Amino acid sequence: MAGLRMYFSGIEGQGHFDACVNAGCRRLLISYLYIEKNGDFDVLKRRKKKHPELSFMVDSGAHTFQSDKAKYSSWNLRAFEGFLTRYVRWLRQNRSCVDVAVELDIDWIVGAPVVEGWQKRFFQPLLEDGFPIIFVWHHQRGFDGWEEMCSKFPYVGLPGEFSSEPDFNKYISVARRYTTKVHGFGASKQMDFRDYASAWHSSDSTTWKSSERYGTLIHWDANIQKLVFEEDKARRVDYRKFFEAHQLDADGIINDTNYREVTKYALISMRLMEKFYSDKYRERVYFHELRLPHTAAVKRMKDGR
């Protein structure tokens with residue numbers, strides 16, 4: 001598939017997972033930190049077995065460590081390394097279910113030198129074994145740090161909001177030079193699909209959840225090729241034919257008595273936008289598609305291992 005590949009995140013709960021699958025989402029993101037907290041270490045194996053057509057990205061949970069600083073304030077370096085060891089072990093045990101995984105990028109907690117050491121000790125060996133890993137850039141590394149990462153790693157991540165920055169194309173030019181794939185964390189703006197399809201290889205998004213959080217109706221308008229965010233609940237009646245076309249509970253959405261159907265419609269709308277742009281750019285060849293796997297992984301393939 002050409003164009004930006006969007007992973008729908010926030011699918012840890014069974015209800016949200018089922019909603020994504022039923023809406024036709026085929027790329028999903030799950031957090032290992034949630035898996036460990038919930039104690040259900042086989043959840044991905046069960047889901048992959050039932051839905052082999054799905055692709056799964058696994059995030060370490062770094063964002064939660066950042067947003068819940070107080071909760072993890074008692075964790076020292078030893079605790080984080082213990083978590084990291086369990087994460088990498090779980091990744092290896094679930095290799096057949098995981099399409100790509102994200103490193104533990106908590107530079108702001110333990111410092112960039114520590115994270116760089118973890119990259120060498122924990123994630124480089126995974127990469128050399130042919131396991132796709134996203135290595136994550138943070139602002140404190142600067143432009144030189146970005147070029148260094150692109151020169152070393154085949155798949156790197158940027159904050160999704162970075163596409164609005166004046167220097168974005170400068171960073172993408174570096175990635176293009178090294179044929180490095182770029183993941184946009186939270187890059188789900190329409191401009192990311194429309195204007196930067198050749199820049200991002202993939203992204204993740206929880207935008208669809210804004211429907212149940214804030215009551216926003218998300219609608220893909222095929223006529224004007226725009227993703228509409230309708231805040232006025234009184235105007236939901238104008239979309240009745242679209243709800244009915246997708247066999248949703250139109251009255252429940254319009255009367256605001258069935259938030260689950262609002263969530264379903266948000267997922268359907270975002271999938272329609274994704275499909276529109278993937279069809280539009282299907283024939284393009286992107287720079288990151290030219291990158292070969294890690295040389296050690298290539299050697300293993302040649303050796304039949």
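A: Start with the naming of elements: helices (H or I, at least four residues) and strands (E, at least two) are DSSP runs, numbered from the N terminus. This is a predicted model, in which local features need pLDDT of at least 70, side-chain atom pairs count only at pLDDT 80 or more, and totals for chains, interfaces and linings use all residues. Residues are numbered from 1 along each chain as its sequence is written, and side-chain values use heavy atoms, with hydrogens and water left out.

Q: Where is Thr179 found?
A: Thr179 sits in the loop between H9 and strand S7 (181–185). Its phi is near 50°, a positive value in a residue other than glycine. Gln225 also has phi near 50°, and belongs to the loop between strand S9 (217–221) and strand S10 (226–230).

Q: How do I read the packing of H8 and H9?
A: Axes are lines fitted to C-alpha atoms, for helices over the stretch in contact, and angles run from 0 to 180 degrees between N-to-C directions. Helix H8 (residues 142–152) and helix H9 (residues 168–177) have axes that come within 9 Å and cross at roughly 25°. H8 is therefore roughly parallel to H9; the term covers angles under 35 degrees. Contact means heavy atoms within 4.5 Å. On the H8 side the contact is made by Gly142, Phe143, Trp146, Glu147 and Cys150, and on the H9 side by Lys170, Tyr171, Val174, Ala175 and Arg177.

Q: At what angle do H5 and H7 pack?
A: Helix H5 (residues 77–93) and helix H7 (residues 112–128) pack at about 20°, with their axes 11 Å apart. That angle makes H5 roughly parallel to H7. Residues of H5 that meet H7 include Phe80, Leu84 and Val88; among their partners in H7 are Trp118, Phe122 and Leu126.

Q: What is a pocket, and which residues lie nearest the centre of the largest pocket?
A: On a 1 Å grid over the protein atoms alone, a pocket is an open set of points where a 1.4 Å probe fits, with protein on both sides within 12 Å along at least five of seven lines; lining residues have an atom within 4 Å of a point. Here the largest pocket is lined by 34 residues, with Asp59, His63, Thr64, Phe185 and Asp204 nearest its centre. The largest share of the lining, four residues, comes from H4.

Definitions and conventions:
Parallel < 35°, antiparallel > 145°, perpendicular 65-115°, else oblique.
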